[in-house]
Amino acid sequence: CYLCQAPKIEGFAGVSPGKNLEIVPTLTASRTDTRDELPDGVMESGDIDTELGATVRWGITPNLTLSGTVNPDFSQIEADSIQLKVNRPFAIFFPELRPFFMEGADFFDTSLDAVYTRMMREPTWGLKLTGKEGPHTIGAYVVEDDVTNIIIPGSEGSDFTSLEQSNTSTVLRYRYDIGNRVTLGGLATSRDGADYLNRVIGIDGDFRVTERDRITAQVLRSQTRYPEEIRDEFDQPEDELDDWAAEIVYVHDTRTWEWWAVYKDIGDDFRADLGFMPRVGQVQKEAGLGYQWNATETSWYSRMDIKAKWERVDDQDGFPLFHEDVVQFTVEGPLQSHSVIRPSRVREGFNGEVFDFNRLKLHVC
């Protein structure tokens, strides 16, 4: 237990915060030269494109922060890690790396991935408020985006498109702690463009029933209106789309035993365009059980555990999309060695057909 070994820091009682104001101005300039004919054409110099921007961060209180940005410069951000897209029917998740969106990102976390800031591609300006005062946790931002990226979700795969039009993205997140065992929250997102609209609203709760038992739940409802070009290209309904998404998770966790259960239901017409939910039109059921052996002073291992899981995913009509029965045995041994053996039986459905196969994963390092 690393936390148990941490020393207690004293002497900070009654300390008063400073102004806590941070201003980061940026100036970027770029020029693109082109050759009219290849390979021996004359290189023509392009115009210099100059852009001035700034990011401001103000600590209103020790626990409440207001941030703003105009023409943010993300040119120095770490590049995304390479991911294979082969045989990946759904959109790939990339983590957020831009400082303006990373700060206070945990304030917007929910059970369902209804907030994913990477959907905002080229922000012109943004304003964000995050913090926790007593039992109240607040997270809010408004961003004007020059490009509208949209994931078209489905039950067996997702598509992606981009509109060359600006939109205003708004997210409001609030949580309230009742004692130290119950947290209730609400979430509202809105994305408005010229002839495009997506709104999501919902409630959630985190219930620590006992020291070992925890239940999390969330219910969301969405409203979406696509422009004509998206309706024609991706065969989307002309009317507004309205649907629900819900998830409930139960976890029991002790030093040696754990078991869990998950139920998730996402309607065919549910859309969370400011989140990352490329899979819709599905009903997921999952249950698992695990046991862990903890090392003693004479043990040759650091930790061993065995887990068994059953998972089934159907579409809204009952067609099986995914079914897995799996057992996993893990050993963490001497010299930081790590070994895993994971046999499983899998059934997948696609385009009206069902495929059965077995898997065996072996990992030693």
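## The cavity and its lining

Ala, Val, Leu, Ile, Met, Phe, Trp, Tyr, Cys and Pro count as nonpolar, Asp, Glu, Lys and Arg as charged, and the others, Gly among them, as polar. On that basis, the lining of the largest cavity in this predicted model divides into seven nonpolar residues, one polar residue and two charged residues. The residues concerned are Met119, Ile151, Pro153, Arg271, Ala272, Asp273, Gly275, Phe276, Met277 and Pro278, and because Gly is placed with the polar group while Asp and Arg are placed with the charged group, the assignment of each lining residue can be followed by name.

A search of the whole structure finds one cavity of 30 Å³ or more, and the volume of the largest cavity is about 60 Å³.

## Aspartate 273

Among the lining residues of the largest cavity is Asp273, which is found in the loop between β15 (257–266) and β16 (282–294). Aspartate 273 has a relative accessibility of 3% and therefore counts as buried, the cut-off for that class being under 20%.

The side chain of aspartate 273 is joined to that of tyrosine 196 by a polar contact of 2.6 Å. When residues up to four places away in sequence are not counted, aspartate 273 touches Met119, Ile150, Ile151, Arg191, Tyr196, Asn198, Thr224 and Tyr226; of these, Met119 and Ile151 also belong to the cavity lining. Aspartate 273 and methionine 120 are 153 residues apart in sequence, while their C-alpha atoms are 10.0 Å apart in space.

## Salt bridges

The count of salt bridges comes to 21. One of them pairs aspartate 206 with arginine 214, with 2.3 Å between the closest N and O atoms. In this pair aspartate 206 is buried, because its relative accessibility is 14%, whereas arginine 214, with a relative accessible area of 41%, is partly exposed.

Glutamate 240 forms a salt bridge with arginine 225, and here the closest N and O atoms are 3.3 Å apart. This pair links distant parts of the chain, since glutamate 240 sits in the loop between α2 (228–234) and β14 (241–253), arginine 225 sits in strand β13 (residues 213–225), and the two are 15 residues apart. Glutamate 240 is partly exposed at 35% relative accessibility, and arginine 225 is likewise partly exposed, with a relative accessible area of 32%. Elsewhere, salt bridges link Lys309, Glu311, Glu324 and Arg342 in a network.

## Threonine 137

Threonine 137 lies in strand β7, which covers residues 136–145. Its relative accessibility is 4%, and threonine 137 therefore counts as buried.

A polar contact of 3.4 Å joins the side chain of threonine 137 to that of lysine 132.

How values were computed:
Residues are numbered from 1 along each chain as its sequence is written. This is a predicted model: local features need pLDDT of at least 70, side-chain atom pairs count only at pLDDT 80 or more; totals for chains, interfaces and linings use all residues. Side-chain values use heavy atoms; hydrogens and water are left out. Helices (H or I, at least four residues) and strands (E, at least two) are DSSP runs, numbered from the N terminus. Buried means under 20% relative accessible area, exposed over 50%, partly exposed in between (1.4 Å probe, protein chains only). A polar contact is a pair of N or O atoms within 3.5 Å; within protein, one must be able to donate a hydrogen and the other to accept it, and residues adjacent in sequence count only if both atoms are side-chain atoms. A salt bridge is a side-chain nitrogen of Lys or Arg within 4 Å of a carboxyl oxygen of Asp or Glu. On a 1 Å grid over the protein atoms alone, a cavity is a set of points where a 1.4 Å probe fits but cannot get out, and a pocket is an open set with protein on both sides within 12 Å along at least five of seven lines; lining residues have an atom within 4 Å of a point. Grid points are joined across faces, edges and corners, and a volume is the space filled by probe spheres set on the points. Contact means heavy atoms within 4.5 Å.
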